[in-house]
Amino acid sequence: MSSSIVNLQARLDFLITRGKTIFRAADRQNNGWLSKTDMKKALHEDDALRVELRTSHGRKWADFWDELDLNGDGKIQIDELVDYITKTQVEAANELTTELQDRAGEIFRQADKDNSGSLTKSELKNLLHADYDIRDELRTTHGRGWKDFFQELDTDGDGTISLEELVEYIGKTRSAAIEKVVAFVEQKQDAADDVWEAAQSAGEGAADAAAVPDEEEATGPKCENCVRLEARIAELEAELATK
């Protein structure tokens with residue numbers, strides 16, 4: 001199985017698990033669904049969750065709720081929450097891609113003094129010597145060798161740097177930083193799951209497992225974004241089978 005399929009499936013599994021964890025924490029009445037009050041309490045008590053679900057920065061509650069409540073019944077089911085989470089992740093990825101391309105373009109134009117459409121070693125060195133912020137951004141500080149840095153940038157080995165190569169490099173450096181954040185979130189997720197499982201075993205105030213249905217048992221339409229991701233996984237597997 002290719003790394004693309006593995007990564008897609010792993011991400012889908014993580015988002016489903018994350019949605020269930022948020023749902024369990026908010027469903028204090030163990031109804032198997034969330035009311036507006038349930039959701040508001042969860043958000044008011046957790047600033048990080050507000051950022052994750054994009055309800056901060058003055059966003060109207062009514063707009064957020066309408067986007068969550070897909071079938072308009074006034075209640076949030078587990079599949080609706082998972083669908084919303086996957087959608088916000090896709091939106092965040094698209095925003096990051098656009099911002100990344102814009103930033104790479106700015107750096108590239110600053111360095112490309114002769115407007116040739118590619119950067120020489122001299123042009124890149126001159127920019128880095130003149131702008132310490134960009135040196136930090138491109139991770140060329142802390143004693144890193146110039147030769148190693150340029151080779152990592154120059155992926156086709158032609159001795160110059162194209163805009164596409166700069167975009168790819170900046171994307172890799174940011175991905176490394178994002179992976180650290182994701183690892184932290186996953187640790188938090190694992191800890192939350194451990195607490196839940198311990199409470200279930202001890203019977204100390206945890207909801208009955210049937211109160212939160214598994215994906216196969218969830219009522220209402222299946223998570224739309226999950227369906228699309230699963231379809232993409234199937235497409236990739238089919239493509240590999242023909243090669």
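At roughly what angle do the axes of helix 6 and helix 8 cross? The axes of helix 6 (residues 121–130) and helix 8 (residues 146–153) cross at roughly 115 degrees and come within 12 Å. Here an axis is a line fitted to C-alpha atoms, for helices over the stretch in contact, and angles run from 0 to 180 degrees between N-to-C directions.

## About the model

You are looking at a predicted model, in which local features need pLDDT of at least 70 and side-chain atom pairs count only at pLDDT 80 or more, while totals for chains, interfaces and linings use all residues. Residues are numbered from 1 along each chain as its sequence is written, and side-chain values use heavy atoms, with hydrogens and water left out.

## The overall fold

The chain has 10 helices and 0 strands, giving the pattern α-α-α-α-α-α-α-α-α-α along the sequence. Helices (H or I, at least four residues) and strands (E, at least two) are DSSP runs, numbered from the N terminus.

Of the 243 residues in the chain, 35% are buried. Buried means under 20% relative accessible area, exposed means over 50%, and partly exposed lies in between (1.4 Å probe, protein chains only). Among contacts between residues at least 6 apart in sequence, 59% join residues at least 24 apart; a contact means heavy atoms within 4.5 Å.

## Where helix 6 meets helix 8

Back to the opening pair: the crossing of helix 6 and helix 8 is right-handed. A crossing is right-handed if the near helix is turned clockwise from the far one by less than a right angle, and left-handed if anticlockwise.

On the helix 6 side, K121, L124, K125 and L128 take part, and they meet W146, F149, F150 and L153 of helix 8. By class, this contact has 6 nonpolar, no polar and 2 charged residues. In this scheme Ala, Val, Leu, Ile, Met, Phe, Trp, Tyr, Cys and Pro count as nonpolar, Asp, Glu, Lys and Arg as charged, and the others, Gly among them, as polar.

## Aromatic pairs

The structure holds 6 aromatic pairs. In one of them, the rings of F149 and Y169 have their centres 5.5 Å apart and their planes at 75 degrees, so the pair is edge-to-face. F149 lies in helix 8 and Y169 in helix 9 (residues 163–202), so the pair ties together parts that are 20 residues apart in sequence. F149 is buried, with a relative accessible area of 1%, and Y169 is buried, also with 1%.

Rings of Phe, Tyr and Trp (its six-membered ring) pair if their centres lie within 6.5 Å; planes under 30 degrees apart count as stacked, over 60 as edge-to-face and the rest as tilted. Elsewhere, W61, F64, W65 and Y84 form one aromatic cluster.

## Salt bridges

There are 5 salt bridges in the structure, each a side-chain nitrogen of Lys or Arg within 4 Å of a carboxyl oxygen of Asp or Glu. One of them joins E67 and K87, with the closest N and O atoms 2.5 Å apart. This pair links distant parts of the chain, E67 in helix 4 (residues 61–68) and K87 in helix 5 (residues 78–111), 20 residues apart. E67 is partly exposed at 22% relative accessible area, and K87 is partly exposed at 24%.

Another salt bridge pairs R50 with D47, at 4.0 Å between the closest N and O atoms. Both residues lie in helix 3 (residues 47–52), 3 residues apart, about one turn of the helix. R50 is partly exposed at 30%, whereas D47 is exposed at 54%.
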